[in-house]
Amino acid sequence: MPNLAEAQAIIENSDVLFSAEEVSAAADRMAAAITEKLGGEYPLVLSVMGGAVVFTGQLLPRLMFPLDFDYVHVSRYGDKTHGGELVWRTAPKEDVKDRVVLVLDDILDEGHTMAAIRDKVMEMGAKAFYSGVFANKLIDQAKPIAADFVGIDVPNRYVFGYGMDVRGIWRNLPEIRALK
Ligand SMILES: O=P(O)(O)OC[C@H]1O[C@H](OP(=O)(O)OP(=O)(O)O)[C@H](O)[C@@H]1O
Ligand SMILES: Nc1nc2[nH]cnc2c(=O)[nH]1
């Protein structure tokens, strides 16, 4: 059930880490780096639903080269702020075979989600795998994967906005915030 008071309290109990302008500039830089590396590869781009929806929608029009687009859907946080078991809702399709695949996600935190996607895509016969994450969280432990393309580094706090939710809310914010 939507709760307006809870949504407002979350904003009041959070700090802006990156303004909408800083987010947009980071998307520009990422698009340039991806274009330089993959502009001639005709990649299959897979967006990880649902958090990557805003980032993907902002990035794709900045990529001025041919690509195919599809999505996967995997989740391990749900409405919680700690990760749990990874649940596949929509797996990659057969057409990843022999393709250069670029997977886009909103955030690389502990890295389990992106590592599982890489393993599945490679098992299914992709020719090459690249990952692009808008936010890379700086955590104290080793990650099972490092992203090939990163927009911004974020501190080890629970962040939201630009596609990322907090208790299911505020994916629509143009800026990136963190809970206090
Ligand atoms: O690097 P990790 O620690 O694995 O975390 C990163 C994942 O967590 C979030 O997804 P979430 O499970 O919250 O699903 P959502 O995209 O539907 O919010 C985010 O969109 C990434 O896919
Ligand atoms: N919204 C959100 N989702 C995440 N998934 C993994 N880490 C985070 C985070 O800091 N914020």
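This chat walks through a predicted model.

Q: Let's start with helix H2. Which residues does it cover, and what span should it have?
A: Helix H2 is residues 20–38. At 1.5 Å a residue, its 19 residues should span 27 Å. The end C-alpha atoms are 26 Å apart, which agrees.

Q: Which residues of H2 are buried?
A: Val 23, Met 30, Ala 31, Ile 34 and Leu 38.

Q: Where do those buried residues sit, seen down the axis of H2?
A: They fall within an arc of 105°, so they line one face of the helix.

Q: And what is on the other side of H2?
A: Glu 21 and Glu 36 are there, and they are exposed.

Q: Switching to ligand 1. Which residues come nearest?
A: Gly 51, Tyr 77, Asp 109, Glu 110 and Thr 113, out of 17 residues around ligand 1.

Q: Which elements give two or more residues to that shell?
A: Strand S5 (100–108) and helix H4 (112–123).

Q: Which gives the most?
A: S5, with four residues.

Q: What's the shell around ligand 1 like by class?
A: Seven residues are polar, six are charged and four are nonpolar.

Q: OK, sheets. What is the order in the open sheet of three strands?
A: The order is S1-S9-S8, and the pairing is antiparallel.

Q: Which strands stand at the edges?
A: Strand S1 (14–18) and strand S8 (159–160). Each has a single partner strand, so one side of each is left without a neighbour in the sheet.

Q: How many bridges join S1 to S9?
A: Four bridges join S1 to strand S9, which is residues 176–179. The two run antiparallel.

Q: Which residue in S9 is the bridge partner of Val 16?
A: Arg 177.

Q: Now Gln 8. Where does it lie?
A: Gln 8 is in helix H1, residues 4–12.

Q: Buried or exposed, and why?
A: Gln 8 is exposed, because its C-beta has 10 other C-beta atoms within 10 Å, and the cut-off for exposed is 12 or fewer.

Q: How far apart are Gln 8 and Trp 170?
A: In sequence, 162 residues. In space, 9.9 Å, C-alpha to C-alpha.

Q: Last one. What does UniProt place at residues 21–165?
A: The UniProt record has the feature "domain: Phosphoribosyltransferase" there, from an unreviewed entry.

Q: How much of that span is helix, and how much strand?
A: Residues 21–165 are 26% helix and 31% strand. The end C-alpha atoms of the span lie 20 Å apart.

Key
Residues are numbered from 1 along each chain as its sequence is written. Chains are lettered from A and ligands numbered from 1 in the order in which they are written. This is a predicted model: local features need pLDDT of at least 70, side-chain atom pairs count only at pLDDT 80 or more; totals for chains, interfaces and linings use all residues. A residue is buried if 20 or more other C-beta atoms lie within 10 Å of its own, exposed if 12 or fewer, and partly exposed in between; C-beta atoms are placed from the backbone. Two strands pair if DSSP finds at least two bridges between them. A residue is near a molecule or strand if its C-beta atom, placed from the backbone, lies within 6 Å of it. Ala, Val, Leu, Ile, Met, Phe, Trp, Tyr, Cys and Pro count as nonpolar, Asp, Glu, Lys and Arg as charged, and the others, Gly among them, as polar. UniProt positions are given in the numbering used here, feature names are shortened, and annotations may be inferred rather than shown by experiment. The expected span of a helix is 1.5 Å times one less than its number of residues. The arc is that of the directions from the helix axis to the C-beta atoms.
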